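Subject: Structure handover and notes

Hello,

Here is the structure I promised to pass on. Please open it alongside this email.

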Amino acid sequence: GKTGAYVLPLLQNLQEATQVQGRISALILCPTRELAVQIGSVVHNIANSVASKRRQNVMVMYGGIPLKPQIATLADYAKNGDTLDILVATPGRLVDVLTYYQSEGGESSAKDAAMERRLLDAMDEKQGGSDVSLSLEQLRMIGLD
C-alpha cells in the first residue's frame, strides 16, 4: 500500500513530463537490497498495469551481485538513447556505479563529480553537525527530473 501511494503520483508525473532521452528520470534509494527488490517489483507491476502512453523502464540496482551486468544495462540505456524512468537502488551500489564511471569505465567531468558529491552528502545523515538534504531545485540541477 505505501509503495503504491508513492509510485502512482510518480508514474503520473513521468507520463506528463517531457522525456529526456538517455537520462534517469526518477531515483528511489532503499537502505537494503531486500527492500530495493521489493519496491522494484511493486514499481514494475504498477508501471506495467497502469494504462499509459508508453511503457515505463524500471531498473533495480543493488549489491551482492556482480557490478558489471548492472553497468552494462545502464550503458545499454544510454547507448540506445532510452530513458530509464525509475532507478531503484541501494546507496552502496549507487556509489559503486558512480565510482566505476569516474575511475575506469566512463567519462568523468566536473559536473559528474559535483553530482556524486551531492548524492553522497544527501545520503549521509549528518555532515558537519547539520542535516543535509537535496531540494527539488538541486535535484533538477543534478539532472534527476
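First, the ground rules. This is a predicted model: local features need pLDDT of at least 70, side-chain atom pairs count only at pLDDT 80 or more, and totals for chains, interfaces and linings use all residues. Residues are numbered from 1 along each chain as its sequence is written, and side-chain values use heavy atoms, with hydrogens and water left out.

The loop residue

Start with N57. N57 sits in the loop between α2 (33-49) and β2 (58-61). Helices (H or I, at least four residues) and strands (E, at least two) are DSSP runs, numbered from the N terminus. Is N57 buried or exposed? N57 is buried, at 14% relative accessible area. The cut-offs are under 20% for buried, over 50% for exposed, and partly exposed in between (1.4 Å probe, protein chains only).

The N57 side chain makes a polar contact with the backbone oxygen of T83, at 2.9 Å. A polar contact here is a pair of N or O atoms within 3.5 Å; within protein, one must be able to donate a hydrogen and the other to accept it, and residues adjacent in sequence count only if both atoms are side-chain atoms. Leaving out residues up to four places away in sequence, N57 touches Y77, D82, T83, L84, D85 and I86. Contact means heavy atoms within 4.5 Å.

The salt bridges

How many salt bridges are there? The count is 3. The rule asks for a side-chain nitrogen of Lys or Arg within 4 Å of a carboxyl oxygen of Asp or Glu.

- R33 with E34: the closest N and O atoms are 3.9 Å apart. R33 is partly exposed at 39%. E34 is exposed at 54%.
- D76 with K79: the closest N and O atoms are 3.9 Å apart. Both residues lie in helix α3 (residues 67-80), 3 residues apart, or about one turn of the helix. D76 is partly exposed at 38%, whereas K79 is exposed at 66%.
- D96 with R93: the closest N and O atoms are 3.4 Å apart. These two are about one helical turn apart, because 3 residues separate them in helix α4 (residues 91-105). D96 is partly exposed at 35% relative accessibility. R93 is buried, at 7%.

Best regards
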